[in-house]
Amino acid sequence: MPKMTFVENDGTEKEVDAPLGLSVLEIAQRNDIDIEGACEGSLACATCHVVIDPSWYGKLEEVSEDEEDMLDLAFNLTETSRLGCQLIISEELDGLKVKLPDAL
């Protein structure tokens, strides 16, 4: 099974199982990672904002226009920001590393 790593704000890393076909948001919620996902993955908010490790960013699908619009609402946006609900785990993403955005 693929794995992925979440990096908490304090730098703590948590490696978890990342079942194929689930979103980063769903994986976070299954593993008690502090990501809200208020719209439950319907691409209507930015509360599942994550920062992709730069070494992984180029391996992701392109950002859709709808996702870009929602990212504009996210706090502490970076060049490698994405919405966790839009990132679906595949074999190619085994080892993906994402950071939770810094708190305000």
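What follows is a conversation about the salt bridges of this model.

Modeller: A word on the basis comes before the reading: this is a predicted model, in which local features need pLDDT of at least 70 and side-chain atom pairs count only at pLDDT 80 or more, while totals for chains, interfaces and linings use all residues. Residues are numbered from 1 along each chain as its sequence is written, and side-chain values use heavy atoms, with hydrogens and water left out.

Biologist: What counts as a salt bridge, and how many does the count come to?

Modeller: Side chains of opposite charge can pair when their charged atoms come close. The rule asks for a side-chain nitrogen of Lys or Arg within 4 Å of a carboxyl oxygen of Asp or Glu, and by it the count comes to four salt bridges.

Biologist: Which parts does the pair Lys3 and Asp17 tie together?

Modeller: Their side chains meet at 2.4 Å, N to O. Lys3 lies in strand S1 (residues 3–7) and Asp17 in strand S2 (residues 13–17), so the pair ties together parts 14 residues apart in sequence; strands here are DSSP runs of E, at least two residues long, numbered from the N terminus.

Biologist: Where does Lys97 find its partner?

Modeller: Lys97 forms a salt bridge with Glu13, the closest N and O atoms being 2.9 Å apart, and this pair links strand S5 (residues 96–99) with strand S2 across 84 residues.

Key: Helices (H or I, at least four residues) and strands (E, at least two) are DSSP runs, numbered from the N terminus.
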